[in-house]
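Me: I have a structure open and I want to learn how to read it. Can you take me through it step by step?

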Amino acid sequence: MITIDNVSKAFGGLQAVQGVSFEVTQGSITGLIGPNGAGKSTLFNMVAGLFPPDTGRITLDGTDITGLPPHKLFHMGLVRTFQIPHEFSRMTVRENLMVVPPGQSGENLFNAWLRWGRVRREDGRVLDRVEEVLAFLQIDHLADELAGNLSGGQKKLLDLGRAMMTDAKAVLLDEPGAGVNRTLLGKIREAIQRLNTEQGYTFCVIEHDMDLISALCEPVYVMANGALIASGTMDELRQNEQVREAYLGGGMSGQAGAQ
Ligand code: ADP
Ligand code: MG
């Protein structure tokens, strides 16, 4: 559903992404791995419309979305979460979910967030969905907690919850496991899996935790130095000498060496 075709991006003299092509097929949980500085987040930023690629083309369900800004993509059902969660710290968890209403046509995401007061007064649909999402992610007990008081892992769950409040078809997750303890990582992993199988979400996941990638992702793409160097199942990639050298090193399970 998302095709990335020969996309490149330079920052000054630095070629952050060079000629990368791959697909995120509908219904997949596609993995993207590689050492720090490989260009993974830059690629996500281009797909998510934070800045356009220098060259290349990106399509969503056949529609050219190259260079479209995030709020346009949001209305087309493409959302991303960030390596560092962007929750509103002085609002409660429940309020954070309410400010991402589904399909407020004609409004951009930022306005939609700012207009939460109106959303709150809307019909019960948004509120029902909020309770559903809280229960699904097993964070109902945190509903009235200020988001700023959550642990790193709980913030990641809230971030996923906010993606669930949109009409997302495809969700880009940038390191959902970063800085998260094992228990919460298990929850995040389960949430991604269930959102995929039970609710039809497509994911593209950047992550250093190879257990999570192995358990969830197929196919997995590997980037190094701005280029795509391999793709396949995690089992295949573990046998790939180039991938082992570039990234996996000696540690074949758990956190990959490069951080
Ligand atoms: P990854 O997510 O794989 O760790 P990034 O995409 O963040 O890698 O970074 C790829 C390269 O691009 C790095 O060398 C990084 O320093 C550089 N880079 C990323 N974003 C910017 C930016 N906004 N301005 C300048 N250089 C950047
Ligand atoms: Mg990154």
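Reply: We will go from the whole chain to the ligand and then to single residues. Keep in mind that this is a predicted model.

Me: Start with the whole chain. How many helices and strands does the protein chain have?

Reply: The protein chain has 11 helices and 10 strands. Its 259 residues include 51% that are buried.

Me: What share of the contacts with a separation of 6 or more joins residues 24 or more positions apart?

Reply: In the protein chain, that share is 68%.

Me: Now the ligand. Which residues are around ligand 1?

Reply: Look for residues with a heavy atom within 4 Å of the molecule. Here they are Phe11, Leu14, Ala16, Pro35, Asn36, Gly37, Ala38, Gly39, Lys40, Ser41 and Thr42. Sort them by class, and you get five nonpolar, five polar and one charged.

Me: Which element gives the most to the shell around ligand 1?

Reply: That is α1, with three residues. Both β2 (14-24) and α1 (40-47) supply at least two residues each.

Me: Which atoms of Ala38, Gly39 and Lys40 lie by an oxygen atom of ligand 1?

Reply: Ala38 has a backbone N or O atom 3.2 Å from a ligand 1 oxygen. Gly39 also places a backbone N or O atom by a ligand 1 oxygen, at 3.0 Å. With Lys40, an N or O atom in the side chain is 2.7 Å from an oxygen of ligand 1. Ligand 1 has 560 Å² of accessible area on its own, and the protein covers 59% of it.

Me: Next, a helix. How far does α7 reach from its first C-alpha to its last?

Reply: Compare the span with what is expected at 1.5 Å a residue. Helix α7 covers residues 152-164 and has 13 residues. It reaches 19 Å, close to the expected 18 Å. The helix is mostly covered, with 11 of its 13 residues buried. Among them are Lys155, Lys156, Asp159 and Arg162.

Me: Is Ser28 buried or exposed?

Reply: The cut-off for buried is under 20% relative accessible area. Ser28 has 8% relative accessibility, so it counts as buried. Ser28 sits in the loop between β2 and β3 (29-33). A polar atom of the Ser28 side chain lies 2.8 Å from the backbone oxygen of Thr25. Beyond its neighbours within four places in sequence, Ser28 is in contact with Asn196, Tyr201, Thr202, Phe203 and Glu218.

Me: Why does Asn96 count as buried?

Reply: Asn96 counts as buried because its relative accessibility is 0%. Asn96 is in helix α3 (residues 93-98). Its side chain has a polar atom 3.3 Å from the backbone oxygen of Met91.

Me: What should I look for in the backbone angles?

Reply: Most residues other than glycine have a negative phi, and most peptide bonds are trans. Look for the exceptions. Asp61 has a positive phi of about 50° and is not a glycine. Asp61 is in the loop between β4 (55-60) and β5 (63-64). Asn225, also not a glycine, has a positive phi near 50°. This residue is in the loop between β9 and β10 (227-232).

Me: Where is the cis peptide bond?

Reply: It runs from Glu218 to Pro219, with omega near 0°. Pro219 lies in the loop between α9 (210-216) and β9 (220-224).

Notes: Residues numbered from 1 in each chain as written. Chains lettered and ligands numbered in written order. Predicted model: local features only at pLDDT ≥ 70, side-chain atom pairs only at ≥ 80, totals over all residues. Heavy atoms only, no water. Polar contact = N/O pair within 3.5 Å; in protein donor to acceptor, adjacent residues only side chain to side chain. Areas by Shrake-Rupley, 256 points an atom, 1.4 Å probe, with all protein chains shown as cover. Helix = DSSP H or I, 4+ residues; strand = E, 2+ residues; numbered from the N terminus. Nonpolar A, V, L, I, M, F, W, Y, C, P; charged D, E, K, R; others polar. Buried < 20%, exposed > 50% of the residue type's maximum accessible area, 1.4 Å probe, protein only. Contact = heavy atoms within 4.5 Å. Expected span 1.5 Å × (residues − 1).
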